[in-house]
Amino acid sequence: MKYIKNAKLVLENGIVWDGALLIDGDRIAACGKETDLPVPEGVEIIDAQGSYVGPGFVNIHVHGGDVWSFYDHPMEAAHHFLSKGDTTILGALYYDLSKEDFVKGIHTIRSAMKNPGAGKALKGIYMEGPYMNPKYGARSEQNKWKGPIRAEDFKQIVDEAGLDAKVWAVAPEREGVEDFMQYARQVNPTVMFSVGHSEATPAQIRRVRRYGLHLQTHCMDATGQNVKWAGTRGSGPDEACLLDPDMYAEIISDSGAVHVNAELQRMIIRNKGIDRVVLITDSFVSFEESPEELKYLTDLVFDANRGLNGSKLTMSVAARNIMTHTNCGIAQAFLMASRNPARVIGMDDEIGTIEPGKRADLVFVNDRMDVSRVMLNGEFYE
């Protein structure tokens, strides 16, 4: 057993400033004020030295980091993010992959999930494709899925992904997409659908809600508005997400507020409430140059057309950024970076908050969200 003392515990409903934790194996056995939690005999005592101790970050939308992509180097990519506090990770696959490459990527990530060490942080796959709107998103010219939606094209991918596909991003306006959604739901009844890279109207999104669509992929990014008259603003996925109290909104919060400007980040939080906002990194591996006017920002990634192609964020940095841009506190940032994404992928009974019985996935940070230690399954990850 392990006893963590001298911690600022970040709980779901607030902060315990003189906190302590008791870890039994891979589980949290008890938590609370240090004065109320006696030290059992024979335990290993760990001094948190005044660090904030919160639930490990849950990074549900991430393609890769440093030089490693989850498509072909999932263990190296998982290590990159786990070492920085992301204790639950969904490796993302993108619509620029062919059917054969989708199947290969799924198999590669699934194989890594069975490995010890960083593989234990990999909990599934975020399928950003294949059926999104080819008008939107980075490298849209490389979208290999612009043609008709046919069962003979998607069944092999869905079958291979199985229960490991935690999220499928789709464009509800695409003809035939319901056939795909029905089949994906048949194979995995608990899968979450997300509206992504889309210009669907709120009505089109409501039509497919019954398949389990409760998420918007990177809100305010790669979306259209369906403008009908010159000089007016139409309604698209962003408005649909803001209107629907049951939908979660993903936010990429980079240091310069380029993906989503600070005013819009504040508007999303004010409208959705902290409980329905999910921080994501959308981290991507790219070696293309930044546009001259954005070279001073080091956490952005661009494609060959100088268009945004994701980020170089980890969740701790994204959490720091959203505190900067919205004036939310560290406890709220943990909700958006840990609890809410855990809810989206149906794992909040195991992870996302510090509670007795939950998995001992923890992160030790200072008030700037700089990570000093990471615990996965009750053991420190070095």
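Residues are numbered from 1 along each chain as its sequence is written, and side-chain values rest on heavy atoms, with hydrogens and water left out. In this predicted model, local features require pLDDT of at least 70 and side-chain atom pairs count only at pLDDT 80 or more, whereas totals for chains, interfaces and linings use all residues.

The secondary structure of the chain consists of nine helices and 20 strands, where helices (H or I, at least four residues) and strands (E, at least two) are DSSP runs numbered from the N terminus. The chain has a radius of gyration of 21 Å, close to the 21 Å that the globule rule gives for 382 residues, and is therefore as compact as a globular protein of that length; the radius is taken over C-alpha atoms, and the rule is 2.2 Å times the number of residues to the power 0.38. Along its principal axes, the C-alpha trace spans about 70 × 45 × 40 Å. Of the 382 residues, 60% are buried, with buried meaning under 20% relative accessible area, exposed over 50%, and partly exposed in between (1.4 Å probe, protein chains only). Where contact means heavy atoms within 4.5 Å, 70% of the contacts between residues at least 6 apart in sequence join residues at least 24 apart.

The chain carries 41 positive and 53 negative side chains, the centres of the two sets lying 3 Å apart. In this count Lys and Arg are positive and Asp and Glu negative, while His and the chain ends are not counted, and each charge is placed at NZ of Lys, CZ of Arg, CG of Asp or CD of Glu.

Residue E128 belongs to strand β10 (residues 122-128) and counts as buried because its relative accessibility is 1%. The side chain of E128 makes a polar contact with that of H197 at 3.0 Å, a polar contact being a pair of N or O atoms within 3.5 Å of which, within protein, one must be able to donate a hydrogen and the other to accept it, residues adjacent in sequence counting only if both atoms are side-chain atoms. Not counting residues up to four places away in sequence, E128 touches several residues, including H61, H63, H218 and D282. A cis peptide bond with omega of about 5 degrees joins G129 and P130, and P130 lies in the loop between β10 and α3 (151-161).

Residue I354, in the loop between α9 (330-344) and β18 (362-365), is buried, with a relative accessible area of 4%. I354 and I28 are 326 residues apart in sequence, yet their C-alpha atoms are 7.5 Å apart in space. Beyond neighbours within four places in sequence, the contacts of I354 include L9, L11, I28, C31 and L362.

Most residues other than glycine have a negative phi, and most peptide bonds are trans. Positive phi values occur at N6, near 55 degrees, and at D66, near 60 degrees.
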